[in-house]
Amino acid sequence: MPQTTLPLAELSVCLVRPVGEAGARPEDKEMVRFKHRYLLCEIISEDPRCRQCIDERAVSAAAKDAVARTHGDYGLACCSISFTVKYLNAYTGIVLLRCRKDFYRLLWSALPFVTYLENRNQRYSCFFNTLHVGGTIRTCQKFLIQYNRKQLLLLLHNCTSEEERQSIQKSVLSCCLKEVEEEQQSQSGDEDDDCAETD
């Protein structure tokens, strides 16, 4: 295979010119978008006091501790780069965790090793149930709506009194109506955008 050599003048220009100066290649200045993954989890605990202790710091500390125990310092460093708790509902126990796309499997594989949440020197036993892994918050939100609807329908089948049945039916209908309204609004928004583009 023949080797190609640069003339000495070109070689010296390449070595002397620092990156970022005028005359630098345009590909050197491109912005990079970091992709993330969102893990939608449910915190399950038999202790009702556990709901009171759920806050972002406790969830974040428990997840990071589990990653450190399962994957060591390397795993903790990789997952900590952009790890955040994006959403937390202490009433339902739903948590949305964000981490880099390259390392979400490290976090995902460590979540089953979370056995407790600690807050104010109190430990409450619990575990994380991963419901969905998505690329955007919106896909996780859509999944959560479907998941909640299925849970409400399961509750409907297990009702013992007529009052419970009616309240759950009302919840299911309100959930369905909100989704239909959102779809109609998004469709009308898309039509408005199409009209604006044609004008």
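Buried means under 20% relative accessible area, exposed means over 50%, and partly exposed is anything in between, worked out with a 1.4 Å probe on protein chains only. Keep that handy for the views below. This is a predicted model, where local features need pLDDT of at least 70, side-chain atom pairs count only at pLDDT 80 or more, and totals for chains, interfaces and linings use all residues. Residues are numbered from 1 along each chain as its sequence is written, and side-chain values use heavy atoms, with hydrogens and water left out.

**View 1. A stacked pair, Tyr104 and Trp108, in helix H4.** Helices (H or I, at least four residues) and strands (E, at least two) are DSSP runs, numbered from the N terminus. Rings of Phe, Tyr and Trp (its six-membered ring) pair if their centres lie within 6.5 Å; planes under 30 degrees apart count as stacked, over 60 as edge-to-face and the rest as tilted. Here the ring centres are 6.0 Å apart and the planes sit at 25°, so Tyr104 and Trp108 are stacked. The two are four residues apart in H4 (residues 104-110), which puts about one helical turn between them. Tyr104 is buried at 12% relative accessible area, while Trp108, at 36%, is partly exposed.

**View 2. Another aromatic pair, Phe143 and Tyr147.** A search of the whole structure turns up two aromatic pairs, and this one is stacked too, with 6.2 Å from centre to centre and 15° between the planes. Both residues belong to helix H5 (residues 137-157), where they are four residues apart, about one turn of the helix. Phe143 is partly exposed at 27%, but Tyr147 is buried at 17%.

**View 3. The cavity lined in part by H3.** Sorted by type, the lining has five nonpolar residues, one polar and one charged. For that sorting, Ala, Val, Leu, Ile, Met, Phe, Trp, Tyr, Cys and Pro count as nonpolar, Asp, Glu, Lys and Arg as charged, and the others, Gly among them, as polar.

**View 4. Ser60 and its contacts.** You'll find Ser60 in helix H3 (residues 56-80). Ser60 has 17% relative accessibility, so it counts as buried. Contact means heavy atoms within 4.5 Å. Leaving aside neighbours within four places in sequence, Ser60 touches Phe83 and Val85 in this sense.

**View 5. Helix H1 and strand S6, the two ends of the confidence range among the elements.** The pLDDT is the predictor's confidence in each residue, from 0 to 100. Over residues 8-21 the pLDDT is below 50, and the stretch has five contacts in the model beyond near neighbours in sequence. Residues 190-199 are also below 50, with zero such contacts. Where pLDDT is low, the predicted coordinates should not be read in detail.
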